[in-house]
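Good morning, colleagues. Please bring the sequence and the structure up on your screens, and I shall take you through them.

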Amino acid sequence: MVRKSYSLKRLALTDFVVDVPRACKKTTLVKALEEADVVNKFKATRWGQKLAAREAKANTSDFDRYKLMVQRMKKSAAMKRELAKLKKQAA
């Protein structure tokens, strides 16, 4: 964690509150965050899960993306076959 100034437009408030004194040291802040388990609580939220999914998608390799494409194609073909069967039965 590096301390720096941020524009208020870039900040987003969450429901997690940690009591720390004004202008506390970094070690005090890190200790308070660990005791409150803020990072794990955030990861459990929908927002944290969305960020984790975005990061996982960004870290996929070309071969992983290819495997996902093949899975989607197989799933789509199976759905089309089942839909054709249902249409044939209905007719």
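Predicted model: local features only at pLDDT ≥ 70, side-chain atom pairs only at ≥ 80, totals over all residues.

D64 and K67 both belong to helix α4, where they stand three residues apart, about one turn of the helix. Their side chains form a salt bridge, at 3.6 Å from N to O.

How many salt bridges does a search of the whole structure find? The search gives three, and I shall now describe the other pairs.

D62 makes a salt bridge with R65, and the closest N and O atoms are 3.8 Å apart. Both D62 and R65 lie in helix α4, again with a spacing of three residues, about one turn of the helix. Is D62 buried or exposed? D62 counts as exposed, because its relative accessibility is 59% and the cut-off for that class is over 50%. R65, in turn, is partly exposed, at a relative accessible area of 42%.

The remaining pair is K85 and E82, whose side chains meet in a salt bridge at 3.5 Å, N to O. K85 and E82 are also three residues apart in helix α4, about one turn of the helix. K85 has a relative accessible area of 48%, so it is partly exposed. E82 is partly exposed as well, with 44% relative accessibility.

Which residues make the nonpolar surface patch? The patch is made by F63, Y66, M69 and M73, and its area is about 440 Å². One of these residues, Y66, is found in helix α4, which spans residues 62-90. Y66 has a relative accessibility of 46% and therefore counts as partly exposed. On your screens, then, Y66 of the patch can be found in the helix that also holds the pair D64 and K67.

I now move to the largest pocket. Its volume is about 1200 Å³. The lining comprises 22 residues, and those nearest the centre of the pocket are Y6, L11, A12, T14 and L33. Two or more lining residues come from each of α1 (26-36), α2 (38-44) and α3 (46-58). Which element gives the most to this lining? The answer is α2, with four residues. What is the lining of the largest pocket by class? It has 16 nonpolar residues, two polar residues and four charged residues.

T14, one of the residues nearest the centre of the pocket, deserves a separate remark. T14 is found in the segment before α1. T14 is partly exposed, because its relative accessible area is 35%. T14 and F42 are 28 residues apart along the chain, and their C-alpha atoms are separated by 8.7 Å.

Finally, I would draw your attention to two points in the backbone. A23 is not a glycine, yet it has a positive phi of about 55 degrees. Where does A23 lie? A23 is in the segment before α1. With a relative accessibility of 75%, A23 counts as exposed.

D37 also has a positive phi, near 55 degrees, in a residue other than glycine. D37 is placed in the loop between α1 and α2. Its relative accessible area is 34%, so D37 is partly exposed.

The nonpolar surface patch covers about 440 Å², and the largest pocket has a volume of about 1200 Å³. The positive phi values concern A23 and D37. Thank you for your attention.

Notes: Residues numbered from 1 in each chain as written. Heavy atoms only, no water. Patch = residues over 30% accessible without salt bridge, like charges linked within 9 Å, V, L, I, M, F, W, Y side chains within 5 Å. Areas by Shrake-Rupley, 256 points an atom, 1.4 Å probe, with all protein chains shown as cover. Salt bridge = Lys/Arg side-chain N within 4 Å of Asp/Glu carboxyl O. Buried < 20%, exposed > 50% of the residue type's maximum accessible area, 1.4 Å probe, protein only. 1 Å grid on protein atoms, 1.4 Å probe; cavity = no way out; pocket = protein on both sides within 12 Å on 5 of 7 lines; lining within 4 Å. Points joined across faces, edges and corners; volume = space filled by probe spheres on them. Nonpolar A, V, L, I, M, F, W, Y, C, P; charged D, E, K, R; others polar.
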